[in-house]
Amino acid sequence: MTKNIMIAGVGGQGTLLTSRILGGITLDAGYDVKLSEVHGMAQRGGSVVTFVRYGEKVAEPIVEEGQADVLIAFEKLEALRYAHFLKKDGVLIVNDQRMEPITVVTGAAAYPEHIIENLEKEYTVYKINAMEEAKKLGNSKVFNIIVLGLAARHMDFSKDAWLDVIEKTVPPKTVELNKKAFLAGYEG
């Protein structure tokens, strides 16, 4: 059976690093893995989406609408934008953070209110204020690893396996900080 993970965020939030960690853990577990990175206007804070599909044999990297087992959203509006990719029994992991797109900043659009509350009416949602947790660790850049830690509780890999792949994937000088960040989400 193929598992489908989708990661949605805004340029600069670490979606690509997160997909590399997911790809690494699934490869280490012996699965066939396909990754696909769909870049929006990443350099300008635009939407960035990555897909990670793994199983015994995976034919293609793209996750179809209604097929994601887990959707990891690094920002509330991105969760709303991509929630329709979830399966009926899928899990939505949301970082409770608001990043206004340029259309909202310029007044051309309004940022929707009560995003998480509305998503909870239709989906199984787990939320975390990962930016606040990252600041407690002294580095706001690791918020994505905190979100991944929460998501990891809803996947079939051991905590030690996650920590091993983080150690192999992140820059050496950031290994301990990233492990602490992961545990903040995983055990929080």
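Here is a short chat about reading helices and single residues in a predicted model.

Me: Which residues of α1 and α6 meet?

Reply: On the α1 side, look for L17, T18, I21 and L22; on the α6 side, they meet N144, I145 and L148. Sort the residues of this contact by class and you get 5 nonpolar, 2 polar and no charged.

Me: Why do residues three or four places apart in a helix point the same way?

Reply: An α-helix has 3.6 residues a turn, so residues with that spacing point the same way. Keep that in mind when you look again at L17, T18, I21 and L22, the α1 residues that meet α6.

Me: Can we zoom in on one of them? Where is L17, and what is it in contact with?

Reply: L17 is found in helix α1. Skip its neighbours within four places in sequence, and L17 is in contact with N144, I145, T169 and V170. Take I145 from that list: L17 and I145 are 128 residues apart in sequence, yet their C-alpha atoms are 9.0 Å apart in space.

Me: And how many residues does α1 have, and what length does it reach?

Reply: α1 has 14 residues and reaches 20 Å from its first C-alpha to its last. That is close to the 20 Å expected at 1.5 Å a residue. Just after α1 comes G30, which takes a positive phi of about 90 degrees.

Me: Which residues of α1 are buried?

Reply: In α1 the buried ones are T15, T18, S19, I21, L22, G23, G24, I25 and T26. Let's pick S19 from α1. S19 has a relative accessible area of 1%, so it is buried, since the cut-off for buried is under 20%. Not counting residues up to four places away in sequence, S19 touches I7, L35, E37, T50 and V52.

Me: What about a lysine such as K76: buried or exposed?

Reply: K76, which is found in helix α2, has a relative accessible area of 18%, so it counts as buried. Leaving aside neighbours within four places in sequence, K76 is in contact with V94, N95, D96, Q97, R98, Y111, I115 and I116. Now try R81, also placed in helix α2 (residues 76-82). R81 is partly exposed, because its relative accessible area is 36%.

Me: Which residue has a positive phi although it is not a glycine?

Reply: That's H114, with a positive phi of about 55 degrees. You'll find H114 in the loop between α3 (102-105) and α4 (115-120). H114 has a relative accessible area of 52%, so it is exposed.

Me: Back to packing. At what angle do α6 and α8 pack?

Reply: α6 and helix α8 (residues 175-187) pack at about 45 degrees, with their axes 6 Å apart. α6 and α8 are therefore oblique to each other. Their crossing is right-handed. I145, I146, L148, G149, L150 and A152 in α6 meet N178, A181, F182, A184, G185 and Y186 in α8. By class, that contact has 9 nonpolar, 3 polar and no charged residues.

Me: How do α7 and α8 pack?

Reply: Helix α7 (residues 159-169) and α8 pack at an angle of about 150 degrees, with their axes 9 Å apart. That makes α7 roughly antiparallel to α8, because the cut-off for that label is over 145 degrees. The crossing of α7 and α8 is right-handed. K159, W162, L163, I166 and E167 of α7 make the contact with V175, N178, K179, F182, L183, Y186 and E187 of α8. These residues divide into 7 nonpolar, 1 polar and 4 charged.

Notes
Residues numbered from 1 in each chain as written. Predicted model: local features only at pLDDT ≥ 70, side-chain atom pairs only at ≥ 80, totals over all residues. Heavy atoms only, no water. Contact = heavy atoms within 4.5 Å. Helix = DSSP H or I, 4+ residues; strand = E, 2+ residues; numbered from the N terminus. Nonpolar A, V, L, I, M, F, W, Y, C, P; charged D, E, K, R; others polar. Expected span 1.5 Å × (residues − 1). Buried < 20%, exposed > 50% of the residue type's maximum accessible area, 1.4 Å probe, protein only. Axes fitted to C-alpha atoms, helices over the stretch in contact; angles between N-to-C directions. Parallel < 35°, antiparallel > 145°, perpendicular 65-115°, else oblique. Left-handed = near helix turned anticlockwise from the far one by under 90°.
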